[in-house]
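Please examine the sequence and the structure displayed below. The paragraphs that follow lead through the arrangement step by step.

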Amino acid sequence: MSTATTPTSSPTVGTEPPSPGRPPGSRLPRWAPWACFAGGAVGAVVLGSLSALNVATFVVYTVVLGTVGLYALSRWVEGPRRATDRLVTCLVGSAFGLAMVPLISLVYEVLRRGIERLDGQFFTWSLLGVLGDGGGAYHAIMGTLVITALTTAISVPIGLMTAIYLVEYGTGRLKRAITFLVDVMTGIPSIVAGLFAYALFVIFFGPGVRLGIAGAVALSVLMIPVVVRSAEEVLKLVPNELREAAYALGVPKWRTIIKVVLPTAIAGLATGVTLAIARVIGETAPLLVTVGITNATNFDPFDGRMATLPVYAYYQLTQPGVPPEYAIDRAWTAALILIVLVMGLNVIARLISRFFAPKTGR
């Protein structure tokens, strides 16, 4: 006579076997992490009473004690696996908070110091004939806009056509050589770009030349590889089926690129160009070498020196004059405007990527 054997239940794959004294599936309540870190804050105050306590040590004590307490409590209630998960989560969150400290402190300091001179005069006056108080950065703002526009006009066509060649036409050694040179250009120091542009213009205009177009050429050396890399990656994302459908209708390759590939990738291309502009708009070293500084307003990039915001802030900080307070305030305000410009360009890039990307139906 055979006896039926009752199958024994095996633990579910991925679950932790219950340990003695702990029911299976035990979980900490949602408020437990907050309670642990609140206890860590209390412990930090107690430890601080035994030694000097400032904001930095208080935060460190709170994070360390809260993390240790949460790990111990989770290991006792939930088991080693979930406790390890909570420990790693705390470490990642702490690393993120540590990375945000310099960014927040930088923005706070620039806002605190730069808001004092953020008035109408700063945007409408130059420094021509100004000694001490007053004056503004109108000439530097206009110079930055002119040189950045020239840089964009030089870099975007070259970068886009290079990316189109690499994706659509390039093969063999020439493609590998161009890719290698673009990678090398991406990592060159900015001062090298400035020295290259200066040496180039010295050949035609002689030593001591300072021109806005020279600064645009120097910034183009930095901007072109960024445009090439971003445009290349965006063009690679265009499905080959679109190209093949155009070829099947008898459309030439050049017309397929213009009418199919580029319109499909226009949002990504615009985003890459905007981020490339944000990359070069705050460069100082190339403009120090090629453009110099002036207190007057100059809109002609082919005639004499021009002022730019990065160089303006540099000279106001390093050569403030007497008394130095007014020039240092202008330097902080110029730095604030640069940060606002870069943040604005990044926001525009995000908006372009979000609202003008091809609809996928998802």
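How much area is buried between domain 1 and domain 2? About 610 Å² is buried between domain 1 and domain 2, and carbon and sulfur atoms give 76% of that area. Buried area here is the accessible area (1.4 Å probe) that two parts lose on being put together, summed over both. The size of an interface is often expressed in this way, as the accessible area lost when the parts come together.

The model is predicted: local features need pLDDT of at least 70 and side-chain atom pairs count only at pLDDT 80 or more, while totals for chains, interfaces and linings use all residues. Residues are numbered from 1 along each chain as its sequence is written, and side-chain values use heavy atoms, with hydrogens and water left out.

Domain 1 spans residues 31-115 and domain 2 spans residues 123-356; these bounds come from an automatic or database domain assignment. The centres of the two domains, taken over C-alpha atoms, are separated by 40 Å. To the contact (heavy atoms within 4.5 Å), domain 1 contributes 6 residues and domain 2 contributes 6 residues.

Across the interface of domain 1 and domain 2, the rule finds 0 salt bridges, a salt bridge being a side-chain nitrogen of Lys or Arg within 4 Å of a carboxyl oxygen of Asp or Glu. In the model, the count by this rule comes to 10 salt bridges. One of the pairs is E109 with R113, whose closest N and O atoms are 3.6 Å apart. Because E109 and R113 are 4 residues apart in helix α3 (residues 80-114), about one helical turn separates them. Helices are DSSP runs (H or I, at least four residues) and strands likewise (E, at least two), numbered from the N terminus.

Residues 141-349 are 78% helix and 0% strand, and their end C-alpha atoms lie 21 Å apart.
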